[in-house]
Structure formats: C-alpha cells, structure tokens
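Colleague: Hi! I'm new to this one, could you walk me through it?
Modeller: Happy to, let's have a look together.

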Amino acid sequence: MSVAARLMWDEGVTRYDFGPGHPMDPVRLTLTMRLVEALGLDERVDVVAAPAAGEDTLRLVHHPDYIAAVRHASRAPAEADARAGLGTADTPAFAGMHEVSALIAGQSVAAAEDVWRGVTPHAVNFAGGLHHAMPARASGFCVYNDAALAIAHLLELGAERVAYLDTDVHHGDGVQDAFWNDPRVLTVSLHEHPRTLFPGTGRPEETGGPDAPGCAANVALPAGTADEAWLRALHAVVPELLSAFRPQVLVTQHGADTHVEDPLAHLALSLDAQRAAMETCHTWAHEHAGGRWLALGGGGYAVADVVPRSWTHLVATAAHAPVAPETHVPDAWRHTVHALTRAGGPWRMTDGREPRWRAWADGYDPADAADQAVIATRRAVYPLHGLLP
C-alpha cells in the first residue's frame with residue numbers, strides 16, 4: 001500500500017565521519033533526525049532502513065578497482081590510495097568507510113526503487129546527495145555517489161527518462177559525469193560560479209555528450225547571489241526543461257550550503273528560500289513526473305543552525321505536512337543541540353524572510369550578473385530541446 005512519503009533512516013549513517021575538525025560533521029544528520037522527531041514528522045512518514053548497496057549495485061556507477069580501493073582503505077586507512085581520492089585532506093580514509101558509504105548509497109537506491117514501483121510517491125534520504133564522487137575517484141567529501149547510483153538503478157528498472165536537479169552550492173559534477181552521454185538522464189545544476197568555488201566545473205557550455213546534447217544544464221551564479229536572484233534563476237531555467245524532457249521520475253539534491261551562514265561557500269540564501277525551492281520541487285514532481293520524487297540531502301556545514309532545519313523542511317514538504325515558518329524550535333531539541341555541540345541552536349524554523357522573485361517572462365536585465373548567468377544557460381541548452389532561449 002502506498003504511503004504519503006518514505007524517510008530513509010538508519011542510525012548507522014552517522015558513522016560517515018572523517019574525524020575531528022572536518023567540516024562534514026555527522027552530527028548534522030543526528031540533529032536533523034532528532035528535529036524531525038521533535039516536530040512529530042516521523043509520525044507523518046514511513047521511516048525505514050534499507051541494507052547497504054552491494055557490489056553489483058555499486059558497479060552501476062563505480063569501477064571495480066575503485067570499489068576495491070575503498071574496501072582496502074576501509075580496512076587499512078593508513079594505506080589509502082590518494083590516486084583514488086582517498087586519504088586526502090578533503091576525503092580522509094577511516095575505518096569502516098566502505099561499509100557506511102555503501103549504507104548511505106543503499107538508502108538512496110532503495111528509495112528510488114520504492115518510488116518507481118509505487119510503494120510511495122515521495123522518498124527522502126537526507127544522508128545522501130554525495131554528488132561529487134566519480135566512477136573511479138572520491139572527491140569533495142564523497143566516497144560513493146548515491147545520487148548517481150539511484151538514477152542508474154531507476155534506469156535498470158526500466159525508467160526511460162530521469163531528471164536530476166541539484167541545488168547544492170557546489171556543481172553536481174559527479175552526477176553530470178556519470179550520465180554525460182546518456183540521453184535518458186537530464187542533469188540540471190544551480191550553483192556558485194566555478195571561478196570562486198570547488199569543483200571548478202559547471203559552466204553553461206557544459207551541455208552533454210555527443211549522444212545526449214542538452215542533457216546537462218548548468219546555471220553558474222555569481223558569489224553573493226541572494227534569495228530573489230537565486231529563485232528567479234531556478235524558475236527561469238528548470239520548468240521549461242522539465243516540460244520538454246518529460247521525466248518519469250524527478251531526483252533532487254538539496255545541499256544546505258547555499259545558506260548565507262555556510263562557512264565553505266559564498267551564496268547568501270535564507271532558509272526561507274531553500275524551503276521555497278523544496279516546495280517548488282514537490283510541485284514540479286507532480287506537474288512533470290507523475291508525482292514520483294526522490295529528494296536527497298548533500299552539502300551543508302552550518303551543522304546546527306542551518307542543516308537540521310533545512311532538511312526537516314524537506315521531510316515535511318515530502319510528507320505533505322509543511323512546517324509553518326513561524327514555528328518555534330522545540331526546547332527539547334535545542335537541549336540536544338547544546339548537549340552534542342555546546343552551541344545554543346536556532347529559535348525558530350526559518351529566518352523570517354518572505355522570498356519573492358520576478359518572473360523571467362517579465363523581462364531581464366542584461367547588466368545584472370545573475371541574469372547574465374541565466375541568459376548563458378538558456379542560450380546554451382534551450383535550442384537543443386527545441387526551446388527559444
């Protein structure tokens with residue numbers, strides 16, 4: 001029987017831990033799940049855990065030699081192969097790395113299957129969204145690319161068109177790379193311009209391989225972009241592409257590192273803009289993909305103030321149980337924040353903004369840097385779909 005939404009959760013995912021001082025602190029996952037519970041959202045979704053992805057599943061995206069290298073680094077972290085991106089400053093090796101990375105991937109793969117088979121229309125894995133991992137290399141804190149694996153499994157199950165929308169502040173390079181020449185997958189990434197941020201890719205002229213022209217779209221926004229311009233860019237590019245591509249499933253990645261308080265990037269979004277984008281993705285799933293929606297987490301390094309609230313809104317949106325912006329954060333959860341981080345934690349569920357944006361159809365400013373980014377993307381990609389830029 002179909003449920004309103006499925007939340008993938010296994011406490012074991014919190015073992016994805018690169019050690020003290022690393023920005024990707026797994027406490028962000030713990031605090032998110034505890035906030036979901038504190039607001040009673042765990043009663044509005046079907047909370048399930050899936051087994052770790054096995055070797056055959058991992059090979060849908062990752063090379064056998066790379067998987068073997070991860071397994072070896074997992075057993076002997078001091079012997080990690082830096083040529084495979086393991087044991088680096090960004091992606092240090094740690095005991096059990098393979099097992100927990102495969103566990104996170106397993107949640108996304110199982111969620112994708114549940115959505116495709118109609119077990120649930122919507123599924124969330126906020127521990128996922130590890131979009132930088134390449135077929136033969138770890139990158140940017142990411143070991144196995146659960147987003148790409150979920151999409152590859154959808155194709156394996158018979159999906160003919162899958163759309164992937166990445167709203168992380170960093171370019172979704174690993175997912176784009178995995179499906180660069182596959183016309184069955186449309187990858188769209190809205191991110192800070194590669195001039196100023198890792199991984200240095202995601203320019204508008206990156207539009208897909210020879211067999212998949214227009215199946216990659218990149219909106220590279222200038223540092224400092226805030227709510228109105230970011231939401232305007234999202235709405236100016238994505239819906240027309242989805243309408244033209246006609247996906248059967250929408251997979252979205254919701255890195256919380258677009259927030260103004262994130263320490264590793266330079267966009268200036270509020271939590272309210274992130275929430276608005278989640279609601280829009282939910283709407284687009286119903287309008288363009290028959291309601292089939294898999295939503296993933298991603299980056300986000302303001303681990304107490306931003307990430308838990310952002311992804312709790314994601315769960316609430318998928319559950320058709322939105323949390324009102326004026327909602328106060330439960331005191332019990334703030335005590336948990338203090339116990340785990342010695343920080344105070346936020347007081348309410350959003351930043352108190354009311355994000356609005358001007359529709360692209362109402363005109364654009366060719367001197368505006370954000371509008372220039374949109375123009376560049378539309379000119380590069382739209383004609384490949386038979387659309388006027």
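Colleague: Let's start with strand 3: which way do H122, A123, V124 and N125 point?
Modeller: H122 and V124 point one way from strand 3 (residues 122-125), while A123 and N125 point the other way. All of them are buried. Bear in mind that this is a predicted model.

Colleague: How many bridges join strand 3 to strand 8?
Modeller: Four, and strand 3 and strand 8 (residues 293-296) run parallel. N125, for instance, has L296 as its bridge partner in strand 8. Strand 1 (residues 6-8) also runs parallel to strand 3, joined by two bridges. There, R6 stands opposite A123.

Colleague: Which residues does D114 touch, leaving aside neighbours within four places in sequence?
Modeller: D114 is in contact with R6, V119 and T120. D114 itself lies in helix 4 (residues 97-117).

Colleague: And is D114 buried or exposed?
Modeller: Buried: its relative accessibility is 14%, and the cut-off for buried is under 20%.

Colleague: Switching to salt bridges, how many are there in the whole structure?
Modeller: A search finds 16. One of them joins the side chains of E11 and R34, at 2.8 Å from N to O. That pair links distant parts of the chain, 23 residues apart, with E11 in the loop between strand 1 and helix 1 (27-38) and R34 in helix 1.

Colleague: What else does R34 pair with, and how far apart are the closest N and O atoms?
Modeller: R34 also forms a salt bridge with E37, with the closest N and O atoms 2.7 Å apart. Those two both sit in helix 1, three residues apart, which is about one turn of the helix. R34 counts as partly exposed at 22% relative accessibility, and E37 counts as partly exposed at 32%.

Colleague: Now the helices. At what angle do helix 7 and helix 11 pack?
Modeller: At about 10 degrees, with the axes of helix 7 (residues 227-245) and helix 11 (residues 369-381) 9 Å apart.

Colleague: Which residues make the contact?
Modeller: Among them are A229, R232 and A233 of helix 7, and A370, D371 and V374 of helix 11. By class, the contact has eight nonpolar, one polar and four charged residues.

Conventions:
Residues are numbered from 1 along each chain as its sequence is written. This is a predicted model: local features need pLDDT of at least 70, side-chain atom pairs count only at pLDDT 80 or more; totals for chains, interfaces and linings use all residues. Side-chain values use heavy atoms; hydrogens and water are left out. Buried means under 20% relative accessible area, exposed over 50%, partly exposed in between (1.4 Å probe, protein chains only). Contact means heavy atoms within 4.5 Å. Two strands pair if DSSP finds at least two bridges between them. Axes are lines fitted to C-alpha atoms, for helices over the stretch in contact, and angles run from 0 to 180 degrees between N-to-C directions. Ala, Val, Leu, Ile, Met, Phe, Trp, Tyr, Cys and Pro count as nonpolar, Asp, Glu, Lys and Arg as charged, and the others, Gly among them, as polar. A salt bridge is a side-chain nitrogen of Lys or Arg within 4 Å of a carboxyl oxygen of Asp or Glu.
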